[in-house]
Structure formats: C-alpha cells, structure tokens
Amino acid sequence: MEKSAGQTVSPRDPNHVMQLHRLGAFHQSRLSFMRILLRRLQGEVWTFDRPVFDIDARGVGRAVYSAHGPDRSYSLVAFANDLPPEKRSDRVIATEWDATFTLFDGVPTTEDLDRLQDNVPRQEAGRISEKELSLSRANRSVRLWDHVVECLSHGRQPDRQKVADVGYLMRTTAVYGSGKFGAADRDMTSDRPEFLAPFQVEMLSVFLTRAFVMDLVEHMASMRAPDTAVPLDPDLRRRFGIGNSTGLGMAPFLLNHPALLNNWIAAREEALARIRSLETAHAPEVETFRRFALRARLHAEEWTSDHPVQIEKLAALRHDTATLLAHLDTVDLTADMPWNRLWLWSEIALSVEGQELLASLLMEPYPHLVDDLATCMAADEPATWRINGAMPLDDLRALVEDIYGWALGIDWTAHKAQARIWYTSEAKLEPRLGERFEEDLDAYEQPLCPGRDAARMYTDLQTSDEATVAGFLMRHPEHRHVARRAQIAGRLPYAEIRDNTIDATVMPIDMLRLKLSFFGACHFDPRSDRWVRINMYQHAPFPHELGERSGDDWAYPFLTEGVV
Amino acid sequence: MSWSLNEIETLSRKAARGAGLSWGLAEEAGKAARWLTAAGLPGPQVLADLLTRNDGAEYEALCPMEAEEGTWVAKGGTLCPLISGAVLCDNAQRLQQGKVSLGRTAAPMLLLPYLDAAARQCGTALTVQWNGTTITLGNAAQTTGNGLDAPMAEKITISPTPVACPAPPVARRNRGDMPADVARRLTAFAERTYAPETEESRLSGAGAGLTDND
C-alpha cells in the first residue's frame, strides 16, 4: 500500500489498534464489503431479474434471483419452508429453517434446481457442487413477519415503530462460502473482478436474499387476501434490512487468516492517515462530514440492545455523537490540518466507540482518497505463509518482543490469564469456548491463543543455542504455528490481535463485531458474550432500485424521508 | 464424491493433528494434501496411509538428524515426509547450495509440496529422485519414472537445478476425489481433535439458550 504524496500522519500503531476493546468498537465504513459490492453493482450497471418464483399459499416453494454483470451472471436460489415454531433455532445445531439459499455461478437450469432442492434445504447434511458459491439459511422474525403479513393483507402498511424495533423480517445464520460442503473454492472465483474484494460472494448472496424475503412477505399477504392486499410502501420497505445471528464460528476465522486481517485493518488505517494528513478541507467537505455526523447520531438513537455491556457502549456512543456535533459548531475545520486536529481532540473527548465511529465518518467526504483502498483488502495468503527458516534466532526473539511484548508481561501461571479454552465440539463441529479449570478440555485445545503460545516459545528461545529459526523449530515443532504467526505479523503489522483471547474476561463478541463491521453490519446486538444479532443492508436500495438510488450512500439513516 | 480443495485441506490438517503432529506441522500437512490434489495426485490417500503407519510414533523417532554432511536420516529408521518436508523447506537456502540426501523415507510423494515451496522461496528449481523416479519442482513440475506413489524410498536425493523458477503454476485441478475409505480414515484421525459433547458444553460453550422465536 503506497502512502499518498505529502502524507504527514502515519497509520496508527498496531499495539494501540489491535486490542480487543478497540476492535470491538469498530463501525461500518466506506471500506465495508457491502458498500464495496453495491458501488460496483451500480457502477457497472448490473441488471437483475427473477426467472422463477414458484411459492404456494403456505409459503413453500422455490425462487431464483439473477444478477447480470458485464461478464457473468449469478443467481440466488431460494427454497422457502413452512417451519413449525418448535424447530426454529438460529443455532448451528438446527436442522430446518424457514428458508435456505445458495448462490449459483450462472443461471441454473431446472435440473440444477432439482438437484439443489434435494440438498440446499438440508444445509450441512446436504452436498453442493463447484457450480455453487455459497450456502446459507434464514429464519423469520416471527413477531414482525406475522404483523407485516397481517397488515398488508388488510391493505394497511405495518407499524413504523414495530419495523424499527426489529429491523428485518428474516435473520440469516451461517453463510458458508469458500468450498464448504462441496461448494466452489474461493480460488476458482478470486480472479474475477467482482470478487476481488473479500466476501463479495457472501454479500451478493445476502443482498439478493433481502430482495427475496421482501417479495415473499408481500406474496404471502397477497395469497392470503388477493382482493385487499397491498405491497409495502417503497420507503418503508427499505427500512427492512436482513438480520444475521452469529455465534463463535467467526472468531477463529480472524486468527486463522492473519494476512487477511492485516489487509482489512491496514486499508482502514491508511484511509484514516490520508485524511488526517490533509492540510485543508473545502467547505462542502466539512458540510458533508457534518451531515454524516447528524445521520450517525440518528443511527445511534435507533440502535438498541438488551445486553448490559452494549447498553453502556451505546450510552457512550450517544453522548459522543452529541459531543462531536457540539464541538463542530465551535471549530474551523477548513485549515491547519483540520481532521488531524479533530482526531487528536477525539482521543481525549470521546469514548473508544466514538473514536472509531469518527474514523468511519471521516472517510465519507473523501471517496477519492478511500475507495481505491478496497483493492488492497484481499490477501495473497500463500505469499506470507511459509516460514523463513534462515532468519537468525535473534531476529525471531526481537519480533516476539515487539509483537507479543504485551503477552510477555502476563503471568501465565495465574488461572485468570488462561481461564478460557478454545475447542471444537464433537457435535456439528462448532467452535466453542470453555472454562479450562472447570472442564477437562486441555487435550482438545485449538491454537487460538497466540499471546500465551508466543510467551511459551519465548521461554525456549531464551535458552536455545540454535543460530536460525530452522534449527530451533526442528527441535521445537510445538512452536511452529506461533513462529509462523510472528513472522507474518513481522511483515504485516496488523495481522495479529495483540490481546489475550483466553483471559477470564475475554469478550468473544469483540472479535465478531470486528469482522461484522468490515462486512458493513449495523445495530450490533449481543445476546450473550459470544452470540450476536446484527442488521445488514438496512436503508439500502433493492436491486431494481440501483441506479435511481445511490448504491453507496445508504449506510446511515437518512435525515428526511427519501432525500439526501 | 467430488471434494473442494478447501475441504481436503481442512480434513487433512485436522487428521494430521489428530495423529499427533504439532499444529504448525499439521497446517503444512493440510496444504501438502491440497497441493498434491491440485496436481492430480492422490494426496489424501497417501496422507491417510502415512498417518496410519506413524500413529503413536514419537516425533524424536521420525525427525531428521544429520548423520553426515548433507545426509539426513531418522533416529527411528524411517523419516516422516511431513516433518522432513517442513525441515527441508525451512532450509531452502541450503538446498540451493548443493545436493542433500535423505535416508529411508515413507510416502516420499508428500515431500513434493514442501520442495516446491522451497524451490519458489529460493528461486531455483530442485530435482528430487527416488526409486528410479525423477521430479523437477518449481519448473512446471516434470516427472519421469513411475515410482511417484511408492510407499517407501530407501534413498532420496535433492539437487538444485540451474533453471530459473517461474511464477507459481495455476492449480491444474479445482476439485479432488477421495475414495470413501480414505475419507473415513482421515475423519477418524480428525475426530480425535473434537471434545466429547456434554450438555453443559452445548449450552455454555456456544453461549446460546435464548429463544429464537422472536
């Protein structure tokens, strides 16, 4: 990643950024994957159609939503189900869902649909092929679904407050990609321009899923009362996002893809550094920033949670948005490195939530400084993965001291320091977090605690008389995984979470929020310390609206109906 | 059944760990099975046979030691290609400087992904020979002879080859086949890494227990 000419402010120190409480306060931004996708769909004038919509009055059947780009088409294949309430679970242990989906590479034939119908509704128990790029499922928000069908079938629009309270009609749970359950490997599509940025397959799948869900609810109302039913008002319709319910499965991903994590954070930090380095700002840019700050305040007001930790963070965030807006009325932001001054002010005046919101907001007036960084967010993981055995052992010692210095200061014999343990359960193979000193799990520990492992390696490094990493690892194969991590983080400064992932007080939801914020998710709502609900694509245009409405400017609520 | 390369890598990594390799070595074993599959070779099969053969063996017995300058042998008599491969790759620069020999080695095919990585790391092609089979790596991977899938090689030589090493080849295959018994054996090894299910862990471990009918 190249620095812009005249850049005077450096990207932030990884020791400061890569702490869990800060990563767990990240917000969506211009660099989130949903926004990258919709900018492309709009810029390349993708077209959309619905070649199949064959769903009965009980809501059972199948549908196909196709997206056509300059070179290729993709289709969401959806299977709708009539699910009894006792079977409705967002957990990975569920076996049936209200709707199931796959993103098909191209436009499926009837034979493809029949094959998929035998497999996609079974999810992990089924099998898909290299023609499919993702596999996912969703459950209804029952209270809102019933209300919307009821209202529409009687010719009324649903209650705005009820829509705002939930924010979506269906919640996806897992969205599997990258070769899972037989799907195409990412390598098969990663050289296509539309999939260069990370998670574009999954984001496209969810974008089309939202369109399907809204069509389905209107269809159900119409089937119930063909004479009186009305469709949703287009403005109200856009207030529905698509929910997602996510457990611990996401956390190991961040630790297992250090180069990718680095590139996400590095792009964001580079964007922030470029903007902080600006000598001046034009009045329209300052006004754009101020309007986004107003919209962010609205967003913070609409964002609710029952989780005590999130309630506290939301209170801080609301206070921060008020403080920020008041401050904006008192400062001149056109001269003397205005954004850097504002940033330095925020480090004293705002909570971590507010600081990280400000990082996202500062990007809004500067698409020309920010958006191209999206091309740096994928990772050539093999390029940095192999161990450099020729590295002198002193260099590895120095790397550990630099990257894991925080961990070398921890007393790892204290129970608190490694109270938790990451493992994989026998049932459904889901990642879990256990209590090390209460359960007998040590034999099953996953290598998801780099700090402790680096500290263990450091002890052996101090007594080793080997000259190189190759010689050291031949004697100590147990340190091989963390030596690799140290070398990767030595090349890529944001590759490692510099915090204790097995501490008694660790909040796995911090890791989930980090990842979900890069997806572009909003309304992060923890249901426990390891389980969250979020909203995606709320306020975004639907596929048929792209072009009339901006594919880029939708991620914050609008100040007045339909304007901006 | 057609498997994605990601599935093959993941299953192979877990199986290698389940069979007793360290996490770092297991990660590379997963990549090795994937590389061989992409090259049209039976990576998972060879891996399953090797893990079965070495199940329960100590690292010390399988690990290479330098018996004399440039010749590495196992203390226990037979080298493990997953360990030797990692060691060779860590010593990529040394491979560039002159011939290296390995003593008796099981499943030598599994060395190829590591040697390919070593060749790319130092920018020189490497030629590896055993049982009348010669493979040039890092240079469009040429093979002569039919001993590629030999279960054992008594002696292996690795020599630098003076041709430039081109850009990494495109994976020739995007999918892999795995005989059912191979998948079963690898799965059995992988299952050793999973903690037995308890009701307590099911409820607390994933942090759920709230209703989803809302």
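Biologist: In what order do the three strands of the open sheet that includes S9(A) run?

Modeller: Happy to walk you through this predicted model. The pairing in this open sheet is mixed, and strands from chain A and chain B take part. At its edges lie strand S9 (431-435) of chain A and strand S12 (194-195) of chain B, each pairing on one side only. The order is therefore S9(A)-S8(A)-S12(B).

Biologist: Which residue of S12(B) is the bridge partner of Thr424(A)?

Modeller: Strand S8 of chain A covers residues 420-425, and two bridges join it to S12(B), with the two strands running parallel. In S12(B), the partner of Thr424(A) is Tyr194(B).

Biologist: Let's turn to helix H2 of chain B. How far apart are its end C-alpha atoms?

Modeller: H2 takes in residues 23-38, which is 16 residues. At 1.5 Å a residue the helix should span 22 Å. The distance in the model agrees with that, at 23 Å.

Biologist: Why is H2(B) described as largely enclosed by the rest of the structure?

Modeller: A residue is called buried when 20 or more other C-beta atoms lie within 10 Å of its own. H2(B) is largely enclosed because its buried residues number 16 of the 16.

Biologist: And which residue with a positive phi follows H2(B)?

Modeller: Just look past the end of that helix. The phi there is near 80°, and the residue is Gly40(B).

Biologist: What percentage of chain B is buried?

Modeller: Chain B comes to nine helices and 12 strands. Of its 214 residues, the buried share is 51%.

How values were computed. Residues numbered from 1 in each chain as written. Chains lettered and ligands numbered in written order. Predicted model: local features only at pLDDT ≥ 70, side-chain atom pairs only at ≥ 80, totals over all residues. Helix = DSSP H or I, 4+ residues; strand = E, 2+ residues; numbered from the N terminus. Buried ≥ 20, exposed ≤ 12 C-beta atoms within 10 Å, placed from the backbone. Expected span 1.5 Å × (residues − 1).
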